[in-house]
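Q: I would like to go through the terms used for this model one at a time. Please set each value against its definition.

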Amino acid sequence: MDLDQQIQALIKNAPQDGTTPTLVEAIAPVLMDLAAQLRHLEYYIPQTLEQDWAITTLESRSDPPVEKTVIYAYPTLKDVAQSPYPIQDPQMIALPVPVTHILFQMLAMEAVDSTIFFEVPGNVINGTEIQREQLTQLIQFHLSNQQTGTGSTLPPNIA
């Protein structure tokens with residue numbers, strides 16, 4: 001699925017509560033801008049059999065009390081096998097998830113600080129981190145510009 005198709009799927013599968021599809025349409029440009037800065041259209045997310053995404057708590061080496069909670073997104077299934085989540089574990093699976101869906105889900109996951117997208121197959125050391133707070137701020141910026149009619153110009157290379 002290309003990015004436009006991903007957004008259409010988000011809108012189609014959103015709860016038909018009168019607001020969620022409209023909200024998805026309103027924030028679609030932000031989701032697409034961020035997704036376009038990443039290398040892949042979908043990433044593998046380690047998850048339980050119930051499809052709860054695996055969340056990892058990282059501790060700062062320089063300041064041990066400082067922690068953050070992340071989701072890892074991998075470009076290939078083989079990369080998941082090199083991760084801390086052994087796919088041999090019968091309770092864990094890794095499924096491909098469209099990149100815009102990952103970004104949208106981050107908004108609802110208050111316990112998650114960021115998602116780390118591993119961009120280069122075979123390299124599970126260096127990734128691109130997108131912070132939930134950053135995503136929220138970009139959406140607020142975009143929505144405020146929509147209300148004032150100034151349009152939205154997101155900063156380049158925000159991912």
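A: Start with contact, which means heavy atoms within 4.5 Å. Leaving aside neighbours within four places in sequence, F117 is in contact with L38, Y43, A73, V99, I102, L103, G127, T128 and I130. The model is predicted: local features need pLDDT of at least 70 and side-chain atom pairs count only at pLDDT 80 or more, while totals for chains, interfaces and linings use all residues. Residues are numbered from 1 along each chain as its sequence is written, and side-chain values use heavy atoms, with hydrogens and water left out.

Q: Why is V30 called buried?
A: Buried means under 20% relative accessible area, exposed over 50%, and partly exposed in between (1.4 Å probe, protein chains only). V30 has a relative accessible area of 0%, so the residue is buried. V30 lies in helix 2 (residues 20-36); helices (H or I, at least four residues) and strands (E, at least two) are DSSP runs, numbered from the N terminus.

Q: Why does K12 count as exposed?
A: K12 has 68% relative accessibility and therefore counts as exposed. Its place is in helix 1. From K12 to Y72 the C-alpha distance is 26 Å, and the two are 60 residues apart in sequence.

Q: Why is I125 called exposed?
A: The relative accessible area of I125 is 72%, so this residue is exposed. I125 sits in the loop between strand 5 (114-117) and strand 6 (128-131).

Q: Which residues touch the most other members of the largest nonpolar core?
A: A nonpolar core is a set of buried Ala, Val, Leu, Ile, Met, Phe, Trp, Tyr and Cys residues joined through side-chain atoms within 4.5 Å. The largest has 30 residues, and L31, I102, L103, F117 and L135 touch the most other members. Two or more residues each come from helix 1 (3-13), helix 2, strand 1 (42-48), strand 3 (67-73), helix 4 (99-108) and helix 5 (132-148). Helix 2 gives the largest share, 7 residues. A second, separate core has 9 residues, including Y72, Y74, F118 and V124.

Q: What is the pattern of the chain, and why is the chain called as compact as a globular protein of that length?
A: Along the sequence the pattern is α-α-β-β-β-α-β-α-β-β-α, with 5 helices and 6 strands. The radius of gyration is 16 Å, close to the 15 Å that the globule rule gives for 159 residues, so the chain is as compact as a globular protein of that length. The radius is taken over C-alpha atoms, and the rule is 2.2 Å times the number of residues to the power 0.38. Along its principal axes the C-alpha trace spans about 50 × 35 × 25 Å.

Q: What is the phi of Q51?
A: Q51 has a positive phi of about 70° although it is not a glycine. Most residues other than glycine have a negative phi. Q51 is placed in the loop between strand 1 and strand 2 (56-59).
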